[in-house]
Amino acid sequence: MIEDFENIPVRNDLQTIGFYNLENLFDTQDDPKNMGDNDFLPISTKKWTPKRYQNKLRKLSFAISNIGRKETGKHPAIVGLAEVENAKVVEDLIASKHLEDLNYSYVHYNSPDERGIDTALIYDADAFEVLHSETFSVHLVDEDGEPDYTRDILLVSGLLDQEKIHVLVNHWSSRREGAEETEFKRFAAADKVIEITERLKNEDANAKIVVIGDFNDDPSSNSIRRLVNSCDLFNPMEVLHTYNRGTTNHNFKWNLFDQIIFSTNFFEATPDTLSFDKAEIFDTDFLKLFKGKYKGKPFRTYVGPKYKGGYSDHFPVYAIFRK
């Protein structure tokens, strides 16, 4: 498994931007303000102990360090994250075994999400310099007209190999109550991303924009098509979603909820500027179950209350950019 990523020459002309839903990366401390962490405590039914937490950090750090390595010979420059509890877990992640010797820093803001999870972005400070960051709320209401809180959209603008880009990290509302019943929530998130993208383009007509995240919709879904068509974006993930391949699996059906979408000016072959090279699902063998009826599915940390000791219920995705 590991040998696939060894002895690969470093490509200084390539950089990787990735995204990874970490499946409930909570610390083991009780946060009285966060009711969403009650299942992830040593005394909870899931028995979320420091040992299990450290094991997950070690596994996730190994996976992250190898995203895009097969093509570039090095760790990714930028990785968007979903399902992190707070800044502490992001700090613990970049300080863990396989990332501690790399110069990773991070951007994180607390979201009002009812599950107590946020988006974040980690980046190699040798490759990417943050110039600006902010968050945008997606305003939703429930059937009673009460606010329905979800994850904020994180915008990070900065210099990747000295070229300005804007990265939007997303984790749109889930399909838990049904895909059609909850579609309006993902439309609201898509409209917010469209609004942010239009603002960026109004400030700079040539703005290079990368939209990454767990959208809880597939590339063919109405919300994603609306986003792509409204903002002149390109979605390389469309061709990666097949009957037997995706990023997450529910009832033996593959979905490709995790995507990297970007502005079409990444296709311009201008000297000394970043251009799109390829996109992939990082579904390498060590992230999969290797036997049983779920063989080939993501090796998860938990299935319900049962601890499995794996990585996540999602595979990461990534795009390679060339300069």
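## Helices α1 and α3

In this predicted model, helices α1 and α3 pass each other in a right-handed crossing. Helix α1 covers residues 50-65 and helix α3 covers residues 87-94. Their axes come within 9 Å and cross at roughly 65 degrees.

Which residues meet here? From α1 come Tyr 53, Leu 57, Leu 60, Ser 61 and Ile 64, and from α3 come Lys 88, Val 89, Asp 92 and Leu 93. Sorted by type, the residues of this contact are six nonpolar, one polar and two charged.

## Helices α4 and α5

Helix α4 takes in residues 183-203, while helix α5 takes in residues 222-230. The axes of α4 and α5 come within 9 Å, and the crossing angle is roughly 15 degrees. Angles under 35 degrees count as roughly parallel, and α4 and α5 are therefore roughly parallel to each other. The crossing of α4 past α5 is right-handed.

On the α4 side, the contact is made by Glu 183, Arg 186, Phe 187, Ala 190, Asp 191, Val 193 and Ile 194. Helix α5 contributes Asn 222, Ser 223, Arg 226, Leu 227 and Ser 230. By type, the residues of the contact between α4 and α5 split into five nonpolar, three polar and four charged.

## Gln 15 in strand β1

Gln 15 sits in strand β1, which spans residues 14-25. Is Gln 15 buried or exposed? Its relative accessibility is 6%, so Gln 15 counts as buried; the cut-off for buried is under 20%.

The side chain of Gln 15 makes a polar contact with the side chain of Asp 161, at 3.1 Å. Leaving aside residues up to four places away in sequence, Gln 15 touches Lys 74, Ala 77, Ala 127, Leu 160, Asp 161, Ala 319, Ile 320 and Phe 321.

## Ile 67 in a loop

Ile 67 lies in the loop between α1 and α2. With a relative accessible area of 0%, Ile 67 is buried.

What does Ile 67 touch, not counting residues up to four places away in sequence? Its contacts are Thr 16, Lys 74, His 75, Pro 76, Phe 282, Pro 316 and Tyr 318. Ile 67 and Ala 77 are ten residues apart in sequence, and their C-alpha atoms are 9.8 Å apart in space.

Conventions:
Residues are numbered from 1 along each chain as its sequence is written. This is a predicted model: local features need pLDDT of at least 70, side-chain atom pairs count only at pLDDT 80 or more; totals for chains, interfaces and linings use all residues. Side-chain values use heavy atoms; hydrogens and water are left out. Axes are lines fitted to C-alpha atoms, for helices over the stretch in contact, and angles run from 0 to 180 degrees between N-to-C directions. Helices (H or I, at least four residues) and strands (E, at least two) are DSSP runs, numbered from the N terminus. Angles under 35 degrees count as roughly parallel, over 145 as roughly antiparallel, 65 to 115 as roughly perpendicular and the rest as oblique. A crossing is left-handed if the near helix is turned anticlockwise from the far one by less than a right angle, and right-handed if clockwise. Contact means heavy atoms within 4.5 Å. Ala, Val, Leu, Ile, Met, Phe, Trp, Tyr, Cys and Pro count as nonpolar, Asp, Glu, Lys and Arg as charged, and the others, Gly among them, as polar. Buried means under 20% relative accessible area, exposed over 50%, partly exposed in between (1.4 Å probe, protein chains only). A polar contact is a pair of N or O atoms within 3.5 Å; within protein, one must be able to donate a hydrogen and the other to accept it, and residues adjacent in sequence count only if both atoms are side-chain atoms.
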